Amino acid sequence: MTEPDIFYILGNKVRRDLLSHLTCTECYFSFLSSKVSVSSTAVAKHLKIMEREGILKSYEREGPFIGPARKYYDIAISKTYVTTVTPNLFWYRGLDLEGAPIEKVKVDLTRIPAEHESLLEMVSSFLELSSELEKVLRALQTIESRRDRLMKELKERYLQEIGDMTQLAILHYLLLTGEATVEELSDRLNLKEREVLVKAQELDRFVPLIIKDGTIKIDEDKLKQKLGGVEYAGENKGRG
């Protein structure tokens, strides 16, 4: 199978939103349609494009109730894409995450001069820098492979122990972005802002959050205290 045109796929916001939902859980068509602000016809078109490009795969599965089988979609690739665009460089690479090795990487730029007297010295330094870049890419490949595996385990554990899909979607987004506004989550999840706040407050019972001035993020200090067995003295200030 040829390499998917990832830039074409990611160049459309609806397709990016659909992919975001698909990374949170397996989704059937009507669920995906309810999570984006376009018609079901447009959703079907975007899903068909991504399936054609090899980004998605689809399958049918019987539901828990009597009725026709539902069509589900799943992401068909496991890759990290890296690109550089400058007036002098344009390149991109897809890194396979499945089976990425765990290794220690040491990058050393001190031996590569910053100034050069000849063309050949410039060519040599560029090749050496490219070699160091390969080490960084291997490290990135390993990190993203481990993050991918851990996110899979985290989602399975959360659904098994807590069972709330919307809470999980908020946690998933916060882990990937660091923080988010209530408005942003409302748009992302196609929920009213007050519904986002209620779900975030429910999530805070299991994973400590800072909810302040319309912004939500994971409370890393409180998280470390909980992991260290230290009780947290008081609630987060400025919640609301």
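Me: What does Gln 167 touch, not counting residues up to four places away in sequence?

Reply: In this predicted model, its contacts are Tyr 158, Ile 162, Lys 199, Glu 202, Leu 203 and Phe 206, with residues up to four places away in sequence left out. Gln 167 itself sits in helix α6.

Me: Why does Gln 167 count as buried?

Reply: Check the number against the cut-off. Its relative accessibility is 4%, and buried means under 20%.

Me: Where is Val 105, and what does it touch?

Reply: Look in the loop between β5 (90-96) and α5 (119-161). Leaving out residues up to four places away in sequence, Val 105 touches Lys 135 and Ala 139. As for Val 85, it is 20 residues from Val 105 in sequence and 25 Å away in space, C-alpha to C-alpha.

Me: Back to helices. Why are α2 and α6 called roughly perpendicular?

Reply: Their axes cross at roughly 115° and come within 10 Å. The roughly perpendicular range is 65 to 115 degrees, so α2 and α6 get that label. The crossing is right-handed, too. On the α2 side the contact is made by Ser 20, Thr 23 and Cys 24, and on the α6 side by Met 165, Leu 168, Ala 169 and His 172.

Me: What classes of residue are in the contact of α2 with α6?

Reply: There are 4 nonpolar and 3 polar residues, and no charged ones.

Me: What makes α2 and α4 roughly perpendicular?

Reply: The axes of α2 and helix α4 (residues 40-52) cross at roughly 75°. That value is inside the 65 to 115 range, so the pair counts as roughly perpendicular. Here α2 brings Val 14, Arg 15, Leu 18 and Leu 19, while α4 brings Val 43, His 46, Leu 47, Ile 49 and Met 50. By class, that contact divides into 7 nonpolar, 1 polar and 1 charged.

Me: How do you know how α7 lies relative to α8?

Reply: The two pack at an angle of about 100°, with their axes 9 Å apart. With the range being 65 to 115 degrees, α7 is therefore roughly perpendicular to α8. Val 182, Glu 183, Leu 185 and Ser 186 in α7 meet Glu 193, Val 196 and Leu 197 in α8. The contact of α7 with α8 has 4 nonpolar, 1 polar and 2 charged residues.

Me: Which residues touch the most other members of the largest nonpolar core?

Reply: Leu 174, Leu 185, Leu 203, Leu 209 and Ile 216, out of 21 residues. The elements giving two or more residues to this core are α6 (165-177), α7 (182-189), α8 (193-203), β7 (209-212) and β8 (215-218). The top contributor is α6, with 6 residues.

Me: Which residues are included in the second, separate core?

Reply: That core has 16 residues, including Leu 18, Leu 22, Leu 32 and Ile 49. You've already met two of those names: Leu 18 of α2 and Ile 49 of α4 take part in the contact between these helices.

Key:
Residues numbered from 1 in each chain as written. Predicted model: local features only at pLDDT ≥ 70, side-chain atom pairs only at ≥ 80, totals over all residues. Heavy atoms only, no water. Core = buried A, V, L, I, M, F, W, Y, C linked by side-chain atoms within 4.5 Å. Buried < 20%, exposed > 50% of the residue type's maximum accessible area, 1.4 Å probe, protein only. Helix = DSSP H or I, 4+ residues; strand = E, 2+ residues; numbered from the N terminus. Axes fitted to C-alpha atoms, helices over the stretch in contact; angles between N-to-C directions. Parallel < 35°, antiparallel > 145°, perpendicular 65-115°, else oblique. Left-handed = near helix turned anticlockwise from the far one by under 90°. Contact = heavy atoms within 4.5 Å. Nonpolar A, V, L, I, M, F, W, Y, C, P; charged D, E, K, R; others polar.
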